Amino acid sequence: MEKQLHLNLLPSRPPMAGGFQSSSKMKMGPGRKRDFSPLSWSQYFETMEDVEVENENGKDIFRVYCSGAHGPVLLLLHGGGHSALSWAVFTAVIFSRINCRVVAMDLRAHGDTKVKNPDDLSADTMAKDIGKVVEVLYGDNPPPIMIIGHSMGGAIAVHTAAANHLQSLLGLCVIDVVEGTAMDALNSMQNFLRSRPKTFKSLENAIEWSVKSGQIRNMESARVSMGGQVKKCEEPTSSPAVSKSIEGIIEEEEEEDVVEESNKKKMKEDDQEIKKESVFTWRVDLSKTEKYWEGWFRGLSALFLTCPVPKLLLLAGVDRLDKDLTIGQMQGKFQMQVLPQCGHAVHEDAPEKVADALATFMVRHKFTDFKEGYLC
């Protein structure tokens, strides 16, 4: 079976039962209609703020979502094309388990972050962004920080730690990104990006696609995080590429023998309907970031192993380990945990499992304590 790819630039595992079924149309049945309406960030984070960072060209503004006022900071970095909202459900779960603070940020050119040079997505620039945001938030005396990154964000977390941009760094957690697998996936990435819908007729439609295509397997997380992946188009379009229904997004046409005249009539009706609606498209054109992909991932395993802090690697499958990490894991240079039955967006698909693994790791290393009354 060919590996499928998610927009975070790593292979996905096959969707589980209840997810996307390509062989036949999905029948929800009476009483089984699912709610694809979006959820607000405020149900998961306490505050949202825009952090201004000075640079030689002016000011960059980074959107951050925060919870908590005491304990070590969990600094959360999302994957390519995603946003800080991908951490929403995980934040609510981890906050109930351990004493901590959470800071989830939209990386440059992602989510609601606005920078002067959004085309520069080099690992070096993005790692420096992390250090600058932390400096603005906490000044010269930052609290202890545990940096946690998923996919592209995991690579940037490693680069940030290795470059010593965080003087109070406690530990490093990387979620489902391994150099060997990532580099192998890059060859097929453009084909995957071309296969995605270009637009959606509504945010609800985008949420529905994310769940039924298997990109995000947790309905709640999809409802809060997809708003950070797509945006309303400035001007509605009547392009036939606009998704009209979930069947049109993820299934091939079943009625191949429909007469041409009927198709023309349907397209005309679709165009007229679309013009009346707000159309949504991807916030980030990942195909234009290709020149940076290799810089994110090449040499990542060696860099990860040289970071002088306790390290945790969470994977969706053991098959993702490359040679350097296999040797390093045998030598006890980092802790690893495999969370099966998850897609690539592990922290979205199984936020409880990721929170349990991270909480146990942090308490074991005496970075924090379990909250009173929480039974691990």
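Analyst: Leu-203, Asn-205, Ala-206, Ile-207, Glu-208, Trp-209, Ser-210, Val-211 and Lys-212 are the buried residues of helix 5, where buried means under 20% relative accessible area, exposed over 50% and partly exposed in between, with a 1.4 Å probe and protein chains only. Helices here are DSSP runs of H or I with at least four residues, numbered from the N terminus. Helix 5 covers residues 203-212, and because nine of its ten residues are buried, the rest of the structure largely encloses it. After helix 5 comes Gly-214, with a positive phi near 90 degrees.

A word on the model itself: it is predicted, local features need pLDDT of at least 70, side-chain atom pairs count only at pLDDT 80 or more, and totals for chains, interfaces and linings use all residues. Residues are numbered from 1 along each chain as its sequence is written, and side-chain values use heavy atoms, leaving out hydrogens and water.

The chain has a mean pLDDT of 84, with 79% of its residues at 70 or more; pLDDT is the predictor's confidence in each residue, from 0 to 100. Residues 237-242 have pLDDT below 50, and this stretch makes 15 contacts in the model beyond near neighbours in sequence, a contact being heavy atoms within 4.5 Å. Over residues 244-260 the pLDDT is also below 50, with 27 contacts in the model beyond near neighbours in sequence.

Key. Helices (H or I, at least four residues) and strands (E, at least two) are DSSP runs, numbered from the N terminus.
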